[in-house]
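Here is a brief report on the aromatic rings of one model, and on the strands around them. Look through the structure, then read on.

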Amino acid sequence: MRRTQLKEGTVFEAVDKLGNRFLYRFERVDHTDGPDRAYKLWNLTTRERTEVEAAWFGQRKIRKVKQ
């Protein structure tokens, strides 16, 4: 799934290479914090704010969750 398919409020599951699964809500993109923290997510599993770079999405299997 491309990042461009994620819109504000989209809930998705991300599975890393170790098989760890987390649910996230896509909040927004803000390039003023720099490229390493441009993508703002809310981790619904841990209830923490998460800021990631574009490469983060390519390192995980991303699947939209029906809302």
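At 7% relative accessibility, W56 counts as buried; buried means under 20% relative accessible area, exposed over 50%, and partly exposed in between, with a 1.4 Å probe and protein chains only. Y24, at 7% relative accessibility, counts as buried too. F12 is also buried.

This is a predicted model: local features need pLDDT of at least 70, side-chain atom pairs count only at pLDDT 80 or more, and totals for chains, interfaces and linings use all residues. Residues are numbered from 1 along each chain as its sequence is written, and side-chain values use heavy atoms, with hydrogens and water left out.

**Aromatic pairs**

A pair of aromatic rings is described by the distance of the centres and the angle of the planes. Rings of Phe, Tyr and Trp (its six-membered ring) pair if their centres lie within 6.5 Å; planes under 30 degrees apart count as stacked, over 60 as edge-to-face and the rest as tilted. By this rule there are six aromatic pairs. Two of them involve Y24:

| Pair | Centre distance | Plane angle | Class |
|---|---|---|---|
| F12 and Y24 | 5.5 Å | 20 degrees | stacked |
| Y24 and W56 | 5.2 Å | 85 degrees | edge-to-face |

Helices (H or I, at least four residues) and strands (E, at least two) are DSSP runs, numbered from the N terminus. F12 lies in strand β1 (residues 11-15) and Y24 in β2 (residues 21-29), so their pair ties together parts 12 residues apart in sequence. Ring pairs join F12, F22, Y24, Y39, W56 and F57 into a cluster.

**Core**

The largest nonpolar core has 12 residues, among them F12, Y24, L41 and W56. Such a core is a set of buried Ala, Val, Leu, Ile, Met, Phe, Trp, Tyr and Cys residues joined through side-chain atoms within 4.5 Å. β1, β2, β3 (39-43) and α1 each supply at least two residues of this core.

**Strands**

Two strands pair if DSSP finds at least two bridges between them. β1 and β2 pair in the antiparallel sense over five bridges. V15 has R21 in β2 as its bridge partner. The two strands β1 and β2 form a hairpin with five residues between them, and G19 in the turn has a positive phi of about 90 degrees. β2 and β3 run antiparallel, joined by five bridges. There, F26 has L41 in β3 as its bridge partner.
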